[in-house]
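Hello,

Please find below the structure I said I would pass on. My notes on what was found in it follow.

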Amino acid sequence: MIFCNYLELTCSAWLFKGARKGDILEILVYDCLVQEARDIRLEVFVEEQGFQDELDEIDHVAKHFVMYAEDRTPAATCRVFWDEEINGYVLGRLAVRREYRGRKAGAAMMEAVEKYVRNKGGESITLHAQCRASEFYRKQGFVEFGEIGEEEGCPHVWMKKDICSDATGADSAREVIKMLDAMTEAGVSRIKVDISDSVGEGMSRKAYHHGRCDVGSPFATGQLFDLEEE
């Protein structure tokens, strides 16, 4: 039996469209091709799309992402590896099971991959997309380059997305927005968010009041949120 190490990526904002309130998607990153990833790829690429050469030597060196629904059902997978010739990270074999399509599962996987590559110091992500799926990748910020080629008779095109290493502030803001949206959908009406600047311990503390303004509160009296400075 082969045991794989894994990294857990969890975000309460990664909710399937139409899912029950409170559903949480979990994405695990494995350092070997686990059975869940293998099953999804064979189901989507071989059984549905008719490809034959699905499993290859790259599977031995790639990191394999698997998304699980709340009931632990594997919903989607993809792989990421470093390519010396391209001198960057390559994403491939993104597959979403039929019953989870149209629910933004693919976009959530792309977001997890981008976060993973950014944390590894990567500056770009490259992929060889099926032409019929290129519009999906364009929406994720990828741009085509090079000529269209074929894999097992299916037209493919190279696409690339540059990752700005200094975009962590914007990423953090997007994560907060997603969290707030998810909590709103779950019926939460009053939220308090503490933001700690990492300039130095005890240097500053900001507490923002999000929600109903109580009569007499600093926000209601025009004192710029509930702000404390140390």
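Arginine 72 is partly exposed, with a relative accessible area of 44%; buried means under 20% relative accessible area, exposed over 50% and partly exposed in between, with a 1.4 Å probe and protein chains only. Please note that this is a predicted model, in which local features need pLDDT of at least 70, side-chain atom pairs count only at pLDDT 80 or more, and totals for chains, interfaces and linings use all residues. Residues are numbered from 1 along each chain as its sequence is written, and side-chain values use heavy atoms, with hydrogens and water left out.

To stay with arginine 72, its place is in the loop between E3 and E4. Helices (H or I, at least four residues) and strands (E, at least two) are DSSP runs, numbered from the N terminus. Phi of arginine 72 is near 75 degrees, a positive value in a residue other than glycine. Most residues other than glycine have a negative phi. Arginine 72 also lies over the face of tyrosine 68, at 4.4 Å from the ring centre; a charge sits over a ring if NZ of Lys or CZ of Arg is within 6 Å of the ring centre and within 35 degrees of the ring normal. Asparagine 87, in the loop between E4 and E5, has a positive phi as well, near 60 degrees. Asparagine 87 counts as exposed, at 55% relative accessibility.

Overall fold

The chain has four helices and 10 strands. Read from the N terminus, the order of elements is β-β-α-β-β-β-α-β-α-β-β-α-β-β. Of the 230 residues, 39% count as buried. One of the buried residues is alanine 112, with a relative accessible area of 0%; its place is in helix H2. The C-alpha atoms of alanine 112 and leucine 28 are separated by 9.6 Å, although these residues are 84 apart along the chain.

Salt bridges

A salt bridge here is a side-chain nitrogen of Lys or Arg within 4 Å of a carboxyl oxygen of Asp or Glu. The count by this rule is 14. In one of them, arginine 41 meets aspartate 59 at 2.8 Å, N to O. This pair links distant parts of the chain, with arginine 41 in helix H1 and aspartate 59 in the loop between H1 and strand E3 (63-68), 18 residues apart. Both arginine 41 and aspartate 59 are buried.

Arginine 101 and glutamate 48 also form a salt bridge, again given as 2.8 Å, N to O. Here arginine 101 is in the loop between E5 and H2 and glutamate 48 is in helix H1, 53 residues apart. Arginine 101 is partly exposed at 35% relative accessible area, and glutamate 48 is partly exposed at 30%.

A further salt bridge joins arginine 93 and aspartate 56 (3.4 Å, N to O). Arginine 93 belongs to strand E5, while aspartate 56 is in the loop between H1 and E3, 37 residues apart. Aspartate 56 is partly exposed, with a relative accessible area of 22%. Through shared partners, salt bridges join Arg41, Glu54, Asp56, Asp59, Arg79 and Arg93 into one network.

Aromatic pairs

Rings of Phe, Tyr and Trp (its six-membered ring) pair if their centres lie within 6.5 Å; planes under 30 degrees apart count as stacked, over 60 as edge-to-face and the rest as tilted. The whole structure has six aromatic pairs. The rings of phenylalanine 45 and phenylalanine 51 have centres 6.4 Å apart and planes at 80 degrees, so this pair is edge-to-face. Phenylalanine 45 and phenylalanine 51 are both buried. Tyrosine 137 and phenylalanine 142 are edge-to-face too, with centres 6.1 Å apart and planes at 75 degrees. Tyrosine 137 is buried, as is phenylalanine 142. Ring pairs link Phe136, Tyr137 and Phe142 into a cluster.

Regards
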